[in-house]
Every structure is written in structure tokens, then in C-alpha cells.
Amino acid sequence: MYIVTIDIEKCKACGDCVENCAVQALAIVEENGKKFAMFTGNPDDCLGCLSCEEVCEEGAVTVTEY
Ligand code: SF4
Ligand code: SF4
């Protein structure tokens with residue numbers, strides 16, 4: 001399985017990772033007035049394809065196998 005970590009300080013909420021996830025496991029959420037991407041799928045949804053990590057120009061996404 002994989003864990004997808006998003007650094008909300010780096011995230012610009014551009015949505016590129018959301019659009020590139022083949023299993024729709026990511027979403028833009030808003031908390032305390034700040035928008036950022038979050039892994040909202042089931043833990044076993046992620047394929048570990050790294051598309052989200054590769055597409056993020058801010059370097060905000062880290063996919064780790066565990
Ligand atoms: S691609 Fe990066 S900056 Fe854009 S929403 Fe995803 S994590 Fe945030
Ligand atoms: S690694 Fe692939 S399947 Fe997993 S959240 Fe990122 S884009 Fe989606």
C-alpha cells in the first residue's frame with residue numbers, strides 16, 4: 001500500500017494532481033480558509049503510479065510505499 005503526503009505549505013491548490021490521479025483518490029479541500037490537495041480515497045485505492053508526485057510543480061506531493 002501507499003501513503004500520499006501533501007505539504008500544505010507548498011501546495012498552491014492548482015488541482016493538477018487531482019486531475020492526473022487515475023483513481024480519483026485526491027481532492028482539493030478547504031480548511032480555515034486555505035485550499036490544498038488531500039488524499040481522500042481509501043488507503044488501498046492508490047496504485048503508487050507517482051503521477052501526482054511527478055505532476056506537482058511545487059514538490060508538495062510525496063508517495064511512499066509501506
Ligand atoms: S499539484 Fe501540487 S500544488 Fe497542485 S494541487 Fe496538487 S499538491 Fe497542490
Ligand atoms: S500515486 Fe497515482 S494513484 Fe496514487 S494518489 Fe498519486 S496519482 Fe493517484
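In what order do the elements of the protein run from the N terminus on? The order is β-α-β-β-α-β, which comes to two helices and four strands (DSSP runs, H or I of at least four residues for helices and E of at least two for strands). This is a predicted model, where local features need pLDDT of at least 70 and side-chain atom pairs count only at pLDDT 80 or more, while totals for chains, interfaces and linings use all residues. Residues are numbered from 1 along each chain as written, chains are lettered from A and ligands numbered from 1 in written order, and side-chain values use heavy atoms, without hydrogens and water.

**Overall build**
- Along the principal axes, the C-alpha trace spans about 30 × 20 × 20 Å.

- Take the contacts (heavy atoms within 4.5 Å) between residues at least 6 apart in sequence: 55% of them join residues at least 24 apart.

**Ligand shells** (a heavy atom within 4 Å)
- Ligand 1 has 14 residues around it, with Cys11, Cys14, Gly15, Cys17 and Cys56 the closest.
- Ligand 2 sits among residues including Cys21, Cys46, Cys49 and Cys52.
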